[in-house]
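Let's read a structure together. How do charged side chains pair up, and where do they sit?

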Amino acid sequence: MILKNLTNEELIIEYKKRKSAFTFACLYIGIFIGIAVWSTVTNGLGFFTFLPILVGYFFRKAALDHNEIKQETLLRKINL
């Protein structure tokens, strides 16, 4: 989605959607890192140490999307 083509109202709605996605992505990344640490402590380094980190990597798109829309709102000087 091209953010420059959105009106200010549409941008605010999209910001709220991406903010909730960002929150859940951060939660899942934290859980996956916790699983990786727990697996390393109990079983040593292995497949289940790196698998949660790899899965958490896919949630990084939500963080990038959130930063992109935040920059656009700063350019337009919209208060959220």
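This is a predicted model: local features need pLDDT of at least 70, side-chain atom pairs count only at pLDDT 80 or more; totals for chains, interfaces and linings use all residues.

Q: How many salt bridges does a search of the whole structure find?
A: Start with the general idea. Side chains of opposite charge can pair when their charged atoms come close. Here the search finds 5 salt bridges.

Q: Which residue forms a salt bridge with glutamate 14?
A: Arginine 18 does, with the closest N and O atoms 3.1 Å apart. Both residues lie in helix α1, which covers residues 8-43. They are 4 residues apart, about one turn of the helix.

Q: Is glutamate 14 buried or exposed?
A: Buried means under 20% relative accessible area. Glutamate 14 has 13%, so it counts as buried. Arginine 18 is buried too, at 10%.

Q: Where do lysine 61 and aspartate 65 lie?
A: Both lie in helix α3, 4 residues apart. Lysine 61 is exposed, with a relative accessible area of 52%.

Q: Which residues are linked with Glu72 in a network of salt bridges?
A: Lys4 and Arg76 are. The side chains of arginine 76 and glutamate 72 meet at 3.0 Å, N to O. Glutamate 72 is buried at 9%, whereas arginine 76 is partly exposed at 24%.

Q: What is glutamate 72 in contact with, leaving aside its neighbours within four places in sequence?
A: Leu3, Lys4 and Leu11. Leu3 and Leu11 also belong to the largest nonpolar core, which has 6 residues in all.

Key: Residues are numbered from 1 along each chain as its sequence is written. Side-chain values use heavy atoms; hydrogens and water are left out. A nonpolar core is a set of buried Ala, Val, Leu, Ile, Met, Phe, Trp, Tyr and Cys residues joined through side-chain atoms within 4.5 Å. Buried means under 20% relative accessible area, exposed over 50%, partly exposed in between (1.4 Å probe, protein chains only). Contact means heavy atoms within 4.5 Å. A salt bridge is a side-chain nitrogen of Lys or Arg within 4 Å of a carboxyl oxygen of Asp or Glu. Helices (H or I, at least four residues) and strands (E, at least two) are DSSP runs, numbered from the N terminus.
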